[in-house]
Amino acid sequence: MKVLKISLIASIVCSTLLGANAFASSHREAPNITRFPTLDSTDFYAFNSYEAGREDYVTLIANYIPLQDAYGGPNYYAMDPAAVYSIHIDNDGDAIEDLTFQFNFTNELANNNQGIALTVGPADNQRSVSVPLKNIGGITAADQSAANFSESYELTLVKGPQNSGSATALTNTSGAMFHKPLDYIGNKSFGDSSAYASYAGQFIYEFNLDGCASPGKVFVGQRKDPFVVNLGKTFDLVNYVPVEGDSAPGAGDQGGFPGGITQSVDNDDLMDKNVTAISIEVPKSCLTTQGNGTIGAWTTASLPQARILNPNAKVGKTEVNGGALTQVSRLGNPLVNELVIGLKDKDTFSTSHPKDDTQFADYVTHPSLPELLNILFKDAVNQTLGTNIETLAPTNFPRTDLVTAFLTGFAGVNQLEMVTPSEMLRLNTGIPAKSRDMQSAFGVAGDDLAGFPNGRRPGDDVVDIALRVVMGRLCYPIPVNGTDTDLGICTSDDASVGNVPFTDGAPVDATMMMDHFPYLATPLSGSK
């Protein structure tokens, strides 16, 4: 009965939590970034590569342009040629980037930016007329002559702070330019999924790194959105009970919380969405040139400070951009700007840098959301259950459990040599990767030290993990190498619902992805 009451309390608390902050990783997470969808970072991943034979590499993936409908033609989803997309690495712990991989894109039509034109009309009255589509016929890995649009990019490595460091152009080992494949327009244009995968696979390149014995890999292109979330029902005031309804996820026995949601791919409202992934794979030794082998990583997108629109816009001449490079998007750990940062500071967080994160400390040490939920629902819970619970929110102040999860990392797991409280994704490159079939979707909490929050892999269920952490999961022992281990940062008395299996019912695991670079699944087709 006690367990049932705790589960019911958790259900009410979690329902309100989700209703107040719908989880969509970083899809449209701050007011200003909704105005710049091409610069909106949706998810960021950093993990030790688990492709066979690539154990000495780290993979970093920054996804952009959220909520892509596969059928979103005729222009689909090009990157912004005025923007600078960056992946930053801090390898000494001072919360300042030591390495930055910069991507600058160029968009171009066929025929020297004039586009493909068709001859239209009878012999005595003909016109050469530009076509309105991005392709005029089928495209294969062997023949791309029907493409009417292309994207290329320059890849630059900046050593030191991005704005003042030393920049070096990185070159394709084949000597060719870096190109991005066309989005998966549909099966008539590209054939089936395997044909598109073969076509897109030609855009995986190796690149040279000065002073690095082995080349890196890079791929930029459309992918199936790897993030999963029960988004629609969540926005509808959480139209489900967000506690596991089975005795174990996927058991199908309804032996968990009565009426609780059970795991189903039908609960994933991003099932039919694509994203654009910027993916690089770099030898570990080339990232960990300082420190203890643990790195901090995050992604940003920036624009020149000024934009003057062309009142007579033409292809390639829609505006003039100038001024200092200005950051408009930032993402390290998932869900921070949604779950932790207050609405008035979300745009500030998007433009800030990890070294300045002390300005957001109160959001972590004294989070407002759990306390707000307690004020709104404590009386209702006590009346419903006939209890006299003093508070539903965790009571350990400052919230050292959240400080550890978001700002410092865990000693011996993912903490850098120098500890500077700052928000970034931290990865211990010395912890061996686990193969796809051996990974736990719950990462460290699932007895898998190679997963979130030690970096983040595409198959880590960060929604469920974040729900549990914010409500006090770290105040209870977690399994480490098969042994329940007390982290010593808070106690079970501090979190009355910290051991409840919160879930949105939308499962994710590594088997939904590829087991090799660039890991994320082939995008969905715009037309069958």
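Reply: Happy to! Let's start with Cys-286: at 16% relative accessibility, this residue counts as buried. Keep in mind that the model is a predicted one.

Me: Why does 16% make Cys-286 buried?

Reply: Buried means under 20% relative accessible area, and Cys-286 has 16%, so it falls in that class.

Me: Okay, and which residue is Cys-286 joined to?

Reply: Its disulfide partner is Cys-212, with an S to S distance of 1.7 Å. Cys-212 counts as buried too, because its relative accessibility is 14%.

Me: Where do Cys-212 and Cys-286 lie in the chain?

Reply: Cys-212 lies in the loop between strand 10 (205-207) and strand 11 (216-224), while Cys-286 is in helix 6 (residues 284-287). They are 74 residues apart in sequence, so the pair ties together separate parts.

Me: Is that link left-handed or right-handed?

Reply: The link of Cys-212 and Cys-286 is right-handed, with 90 degrees about the S-S bond.

Me: How many disulfides turn up in the whole structure?

Reply: A search of the whole structure finds two.

Me: Where do Cys-475 and Cys-490 sit?

Reply: Cys-475 is in the loop between helix 12 (462-470) and strand 16 (478-480), and Cys-490 is in the segment after strand 17 (483-485). The two are 15 residues apart, and both are buried.

Me: And what about the handedness of Cys-475 and Cys-490?

Reply: That disulfide is left-handed, because the torsion about its S-S bond is about -100 degrees.

Me: What pattern do the disulfides follow along the chain?

Reply: Counting bonded cysteines along the chain, the pattern is 1-2, 3-4.

Me: Nice. Switching to charges: how many salt bridges does the structure hold?

Reply: There are 15 salt bridges. In one of them, the side chains of Arg-456 and Asp-43 meet at 2.8 Å, N to O. This pair links distant parts of the chain, 413 residues apart: Arg-456 is in the loop between strand 15 (425-428) and helix 12, and Asp-43 is in strand 1 (residues 41-48).

Me: Are Arg-456 and Asp-43 buried or exposed?

Reply: Arg-456 is buried, and Asp-43 is as well.

Me: What does Lys-434 pair with?

Reply: Lys-434 forms a salt bridge with Asp-448, and their closest N and O atoms are 3.9 Å apart. Both residues lie in the loop between strand 15 and helix 12, 14 residues apart in sequence. Lys-434 is partly exposed, with a relative accessible area of 31%, but Asp-448 counts as buried at 1%. Salt bridges that share partners join Lys-434, Asp-448, Arg-457 and Asp-460 into one network.

Me: Last topic, the surface. Which residues make the nonpolar patch of about 230 Å²?

Reply: Leu-118, Val-120 and Val-129 make that patch. Leu-118 is placed in strand 5 (residues 117-120) and counts as partly exposed, because its relative accessibility is 45%.

Terms used
Residues are numbered from 1 along each chain as its sequence is written. This is a predicted model: local features need pLDDT of at least 70, side-chain atom pairs count only at pLDDT 80 or more; totals for chains, interfaces and linings use all residues. Side-chain values use heavy atoms; hydrogens and water are left out. Patches are made of residues with over 30% relative accessible area and no salt bridge: like charges are joined within 9 Å, nonpolar side chains (Val, Leu, Ile, Met, Phe, Trp, Tyr) within 5 Å. Accessible areas come from the Shrake-Rupley method with a 1.4 Å probe; for residues, only the protein chains shown count as cover. A salt bridge is a side-chain nitrogen of Lys or Arg within 4 Å of a carboxyl oxygen of Asp or Glu. Helices (H or I, at least four residues) and strands (E, at least two) are DSSP runs, numbered from the N terminus. Buried means under 20% relative accessible area, exposed over 50%, partly exposed in between (1.4 Å probe, protein chains only). A disulfide is a pair of cysteine sulfur atoms within 2.5 Å.
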